[in-house]
Amino acid sequence: MVGELPAAPKRSESRPQRKRAAFGVRIAAAKTPGQKVSAAASFLASALAELPAARADQVAGHTVEQLKNLAEQLLKEASA
């Protein structure tokens with residue numbers, strides 16, 4: 001109907017929007033590289049909470065391995 005307000009997002013649709021908005025606020029407020037990484041990790045953790053446990057565990061394992069490898073690479077770079 002003309003002039004009618006759009007329906008409010010369903011609860012399941014608004015949760016991802018809220019998570020994205022919260023990430024936007026945290027990343028904008030982040031002042032250091034560590035704070036930026038922390039904001040991204042928090043956003044990822046909130047997304048993982050939405051997945052079935054087996055998939056969340058799979059993604060977490062892959063992510064942890066990637067982060068560990070990156071940290072090792074940076075430590076080598078810093079000590080060179």
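Which residue does the side chain of Lys 19 meet in a salt bridge? The side chain of Lys 19 meets that of Glu 50, with a distance of 3.2 Å from N to O. This pair links distant parts of the chain, since Lys 19 belongs to helix α1 and Glu 50 to the loop between α2 and α3, 31 residues apart. The model is a predicted one, and the points below are grouped by topic.

**Overall architecture**

- The chain contains 3 helices and 0 strands.
- Along the sequence, these elements follow the pattern α-α-α.
- Of the 80 residues in the chain, 9% count as buried.
- The chain exposes about 6,700 Å², and carbon and sulfur atoms supply 63% of that area.

**Confidence of the prediction**

- The average pLDDT of the chain is 90, and 84% of the residues score at least 70.
- Among the elements of the chain, the highest mean pLDDT belongs to α3, at 98, and the lowest to α1, at 88.

- Side chains of opposite charge can pair when their charged atoms come close.
- The count for this model comes to 3 salt bridges.
- One of them joins Arg 15 to Glu 50, and the closest N and O atoms of this pair are 3.1 Å apart.
- Arg 15 lies in helix α1 whereas Glu 50 lies in the loop between α2 and α3, so the pair ties together parts that are 35 residues apart in sequence.
- Arg 15, Lys 19 and Glu 50 are linked in a network of salt bridges.
- Arg 15 is partly exposed because its relative accessible area is 31%, a value between the limits of 20% and 50%.
- Glu 50 is likewise partly exposed, with a relative accessible area of 41%.

- The side chains of Lys 68 and Glu 65 meet in a salt bridge, at 3.8 Å from N to O.
- Both residues, Lys 68 and Glu 65, lie in helix α3.
- They are 3 residues apart, which is about one turn of the helix.
- Lys 68 has a relative accessibility of 44% and therefore counts as partly exposed.
- Glu 65 is also partly exposed, at a relative accessible area of 40%.

- Helix α2 covers residues 33-48 and has 16 residues.
- From its first C-alpha to its last, helix α2 reaches 22 Å, close to the 22 Å expected at 1.5 Å a residue.
- Ala 39, Ser 46 and Leu 48 are buried residues of α2.

**Arg 20 and Ser 46**

- Arg 20 is found in helix α1, which covers residues 11-29.
- How far apart in space are Arg 20 and Ser 46, C-alpha to C-alpha? The distance is 9.7 Å, while the two residues are 26 residues apart in sequence.
- Arg 20 is exposed because its relative accessible area is 53%, and exposed means over 50%.
- Ser 46, by contrast, is one of the buried residues of α2.

Notes: Residues numbered from 1 in each chain as written. Heavy atoms only, no water. Helix = DSSP H or I, 4+ residues; strand = E, 2+ residues; numbered from the N terminus. Buried < 20%, exposed > 50% of the residue type's maximum accessible area, 1.4 Å probe, protein only. Areas by Shrake-Rupley, 256 points an atom, 1.4 Å probe, with all protein chains shown as cover. Expected span 1.5 Å × (residues − 1). Salt bridge = Lys/Arg side-chain N within 4 Å of Asp/Glu carboxyl O. pLDDT = per-residue confidence, 0-100.
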